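Hi there,

Here is the structure I promised to pass on to you. Have a look at it first, and then read on for what turned up.

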Amino acid sequence: MSLQFVVDGAVAGAVTGLGAVGVTLTYSILRFANFAHGEFIAAGAYATLAIGGAIGVGLGAASPPLGPFSFSAVTLVAAVLAMGVTGALALALDAVLFRRLRDRGEAVVAIMASFGASMALRSLFEAVFTSRPAYFTRMLQIARPIGFGLKATPNQLALFGLALLLMVLLHGLMTRTATGRAMRAVSENPGLARVAGLDVGRTIRLTWLLGGALAGAAGTVVGLLVQIRPGMGFDLLLPLFAAAILGGIGSVPGAVLGGFTVGFAEAAAVAFAGAQWRGAVAFAVLIGVLLLRPTGLFGRPA
Amino acid sequence: MSGTSDARPLLAAEAVVAGYEPGLPIVHGASLAVAAGEILAVLGPNGAGKSTLVKALAGLVPVSRGTVRLDGRDITGLPAHLRPRAGLAFVPQTENIFASLSVADNLRIACDVMPDRPRGRARTAELLDLFPDLARARTLLAGRLSGGQRQMLAVARALVASPRVLMLDEPSAGLSPLFVSDVFARLRTIRDTGVAIVLVEQNVRAALKVADRALVLVEGRNRHEGPAKTLADDPAIAALYLGGAPHSSGSPA
């Protein structure tokens, strides 16, 4: 029996966690499941690809990969800028779509609208970038031993660390800063938040910006580890929601833990039952949580 | 004696028409004025529009006509979240604390929104001395506090910004009599520091005891107004609007 699935699970878990914290943030404050979150992820990957390409053209030369990794410094700069792009995309979608629906107070309508936005964005990616998979680089990465008989590629290690770092930073933001307190307060009781002097509209915009930016980072990570496709984010949606709900909607540590649980479960299913079972795992986790503990691990009762 | 009705009002509402739905006002032209160092009780039967009036003054319910002035400045259209900064604090009746946040974070939020955060932190330290229960429970989630402690936290949160006007919507609701007298004793202390207090209450007897003046609302309009003592001693008013005479003579209608 090989324990290699632990590495795959950890990497998949970090990616899922990174996406799920965005889902949990927007869900807890806006009270609806945003199905377009997957497209923010794909948008992040394509934005990094496009910005990186544009910088490459501007420099007039291909930049060399950084050390043992397959990506260059240009890709990293592009990835940071892409986080801004996806954050802005989330804000724009809120301004033209969700804010209007929120004012009418019907969550179901907002959910359906997010589904529509998801399809529209996916079609847009297909129209602009075609449906053929794209890659940041064609360079092959060799997995190296990392101890305990396990192997990982340098990319996997670096991106695992990066995802973890982003999640720790977000947790610090939520628990230790005025912005995080405002987000938690608005999430619990927007009316009282106004009474307490918090600008609820500003906090909602910040949440979109943050959730979108983290989705963008997740997209670049998935693009580097796997490939870039218009449907890459949509395919991640079920694991993301499973992770967010497992952790308890609104809880950042919960979403991270949920992400790792789903990631390990998926990797174990692939290793022991066969790759065709991968997709069923998130579904099984989701149904199990909803039946056994609907508030999730760290959720508060509604 | 603290509390004089002829002093220049700190908070003044004139002929305010307000309601949740457009075209369906609940407050039909009510007026009130409260001066520094004065407690004004807003009384009246259920559905008289007392809560709606204070929510309108807090900016939570739209005001369709009339004006609200804070120390002479027209704040009728000022967004609710800017009012604490302007010196107008409000303690809602229910869900007036963030249950999922720690006691300390509940108070920190009040500091966060102040232009002068160090002053807010200094004031928070003073308030924790004033409310030792809260100081002991600092790290607890506010949702785990008892009813009385929650009310203290809600009041303390409102006081962090050192407001000039403090409005409370039924602070005695759901509290045991012991806590009610404790809360009201603290209101008196706060008043004595020069704060103007607007107190909406169902507990008429207790409210008239603590208040300097009282306003009786009926069907969204001013019906009676005067010194709290006068209203408390007027059996007609007690029987008609206050749900029972304060001196256990006369039976309620």
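Helix 3 of chain A bends by about 50° at Asp94(A); the bend at a residue is the angle between axes fitted to the seven residues ending there and the seven starting there. Helices (H or I, at least four residues) and strands (E, at least two) are DSSP runs, numbered from the N terminus. This helix covers residues 73-104, and its 32 residues should span 46 Å at 1.5 Å a residue, which agrees with the 46 Å between its end C-alpha atoms. The expected span is 1.5 Å times one less than the number of residues. Just after helix 3 of chain A comes Gly105(A), with a positive phi of about 75°.

Before you go further, please keep in mind that this is a predicted model: local features need pLDDT of at least 70, side-chain atom pairs count only at pLDDT 80 or more, and totals for chains, interfaces and linings use all residues. Residues are numbered from 1 along each chain as its sequence is written, while chains are lettered from A and ligands numbered from 1 in the order in which they are written.

Now to another bent helix in chain A. Helix 9 (residues 232-247) bends by about 35° at Leu238(A), and Pro239(A), a proline, follows within four residues. Its 16 residues reach 23 Å from first C-alpha to last, close to the 22 Å expected. Is helix 9 of chain A mostly covered or mostly open? Mostly covered: 14 of its 16 residues are buried. A residue is buried if 20 or more other C-beta atoms lie within 10 Å of its own, exposed if 12 or fewer, and partly exposed in between, with C-beta atoms placed from the backbone. Just after this helix, Gly248(A) takes a positive phi of about 100°.

Strand 1 (residues 144-147) and strand 2 (residues 150-152) of chain A pair in the antiparallel sense over three bridges; two strands pair if DSSP finds at least two bridges between them. Arg144(A) has Ala152(A) as its bridge partner. Two residues lie between the strands of this hairpin, and Phe148(A) there takes a positive phi near 55°.

How do the two chains meet? In all, 17 residues of chain A are in contact with 21 residues of chain B, where contact puts the C-beta atoms, placed from the backbone, within 7 Å. On the chain A side, helix 6 (178-188) and helix 7 (190-195) each supply at least two residues. Helix 6 of chain A gives the most, with six residues. The residues of this side divide into eight nonpolar, three polar and six charged. Here Ala, Val, Leu, Ile, Met, Phe, Trp, Tyr, Cys and Pro count as nonpolar, Asp, Glu, Lys and Arg as charged, and the others, Gly among them, as polar.

In chain B, start with the open sheet of six strands, which has the order 6-7-8-3-9-10 and mixed pairing. Its edge strands are strand 6 (88-91) and strand 10 (221-227), each pairing on one side only. Strand 6 and strand 7 (residues 165-169) of chain B pair in the parallel sense over four bridges, and Leu88(B) has Val165(B) as its bridge partner. Helix 6 (residues 147-159) of chain B lies across both of these strands, running at about 170° to strand 6. Axes here are lines fitted to C-alpha atoms, for helices over the stretch in contact, and angles run from 0 to 180 degrees between N-to-C directions.

Another open sheet in chain B has four strands in the order 2-1-4-5, with antiparallel pairing. Strand 2 and strand 5 (73-74) of chain B stand at the edges with a single partner strand each, so one side of each is left without a neighbour in the sheet. Strand 4 (residues 63-70) and strand 5 of chain B are joined by two bridges, and Arg69(B) stands opposite Asp74(B). Helix 1 of chain B lies across strand 1, strand 2 and strand 4, at about 115° to strand 1.

Ala33(B), in strand 2 (residues 27-34), is buried because 20 other C-beta atoms lie within 10 Å. Ala15(B), in strand 1 (residues 11-18), has a positive phi of about 45° although it is not a glycine.

Happy exploring!

Terms used:
Two residues are in contact if their C-beta atoms, placed from the backbone, lie within 7 Å.
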